[in-house]
Amino acid sequence: MAIQPLDASRSNPSEGGPSFSLSNRLLRGAWNLTWLVFASWTPTPLKPWRRFLLKLFGARLGVGADVRGSARVWYPPHLHLEDRAVLAQHVNCYNMAPIHLGPDALVSQGAHLCAGTHDITSPVFQLTTRPITIGARAWIAAGAFVGPGVVVGEGAVLGACAVTFKSLEPWGVYAGNPAQRIKTRVLRT
């Protein structure tokens, strides 16, 4: 079940109030401490151990899915990786809303998946969240940024350091800031 940010007009985050419930903050605190102590330093071959910890905190992981030790997952219950999907080294998975990776999807080192933003027209700067979906065989390259509500189509590629706040069509190759389609991805037979 997706969590919702608190009403900023009541919780007053601009004056130090919380954006999420106490139970959410406590779970995330326990999660961050657990990952820091027991997983953040682990080498690639300790994937089963990291998978165990993620599942313990509510992540859904398919066969062979992996989150590398230096990656950061904000809220494990909002993470769903299908078979062989990977969050590589130093990925920031800021999943205030659900983030779903399809089979064989890859998010490369240093990429940022951000499922939250603020309503800049709100007098209280209300936090808003929207899920991110990354399709089967899609690739988010090194240092790329994917914003809230984006759907990355099957087989699509978001090039290194590219930025997207809009959904990407299946099998398209995108580059730049803002990301623009530069060609179609065609697999060799």
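I began with Thr133, which is partly exposed because its relative accessible area is 30%, a value that lies between the 20% limit for buried and the 50% limit for exposed. The model I am reading is a predicted one. I located Thr133 in strand E12, and I then listed its contacts, leaving aside neighbours within four places in sequence: these are His100, Val150, Val151 and Val152. I also checked Thr133 against Leu33, and found the two 100 residues apart in sequence and 27 Å apart in space, C-alpha to C-alpha.

**Overall form**

Next I looked up the chain as a whole, which has three helices and 19 strands. For 189 residues a compact globule would have a radius of gyration near 16 Å, and the 17 Å of this chain agrees with that. I noted that the C-alpha trace spans about 55 × 40 × 25 Å along its principal axes. Buried residues make up 45% of the 189 residues, while the chain exposes about 9700 Å², of which carbon and sulfur atoms supply 60%. Among contacts with a separation of 6 or more, 27% join residues 24 or more positions apart.

**The nonpolar cores**

Which residues touch the most other members of the largest nonpolar core? I found that they are Leu87 and Ile134, in a core of 41 residues. Helix H2 (22-38), helix H3 (47-56) and the strands E4 (79-81), E7 (99-101) and E12 (132-134) each supply at least two residues of this core. There is also a second, separate core of six residues, and I noted Ile3, Phe20, Trp74 and Leu127 among its members.

I went back to Leu87 and listed what it touches, not counting residues up to four places away in sequence: Asp66, Val67, Arg68, Ala71, Val73, Leu79, Leu81, Cys93, Leu101, Val107 and Leu113.

I found a patch formed by Leu33, Leu36, Val37, Phe38, Trp41, Leu46, Trp49, Phe52 and Leu56, with about 940 Å² of accessible area together. The elements that give two or more residues to this patch are H2 and H3, and the largest share, four residues, comes from H2.

Note on methods: Residues are numbered from 1 along each chain as its sequence is written. This is a predicted model: local features need pLDDT of at least 70, side-chain atom pairs count only at pLDDT 80 or more; totals for chains, interfaces and linings use all residues. Side-chain values use heavy atoms; hydrogens and water are left out. A nonpolar core is a set of buried Ala, Val, Leu, Ile, Met, Phe, Trp, Tyr and Cys residues joined through side-chain atoms within 4.5 Å. Buried means under 20% relative accessible area, exposed over 50%, partly exposed in between (1.4 Å probe, protein chains only). Contact means heavy atoms within 4.5 Å. Patches are made of residues with over 30% relative accessible area and no salt bridge: like charges are joined within 9 Å, nonpolar side chains (Val, Leu, Ile, Met, Phe, Trp, Tyr) within 5 Å. Accessible areas come from the Shrake-Rupley method with a 1.4 Å probe; for residues, only the protein chains shown count as cover. A salt bridge is a side-chain nitrogen of Lys or Arg within 4 Å of a carboxyl oxygen of Asp or Glu. The radius of gyration is taken over C-alpha atoms; the globule rule is 2.2 Å times the number of residues to the power 0.38.
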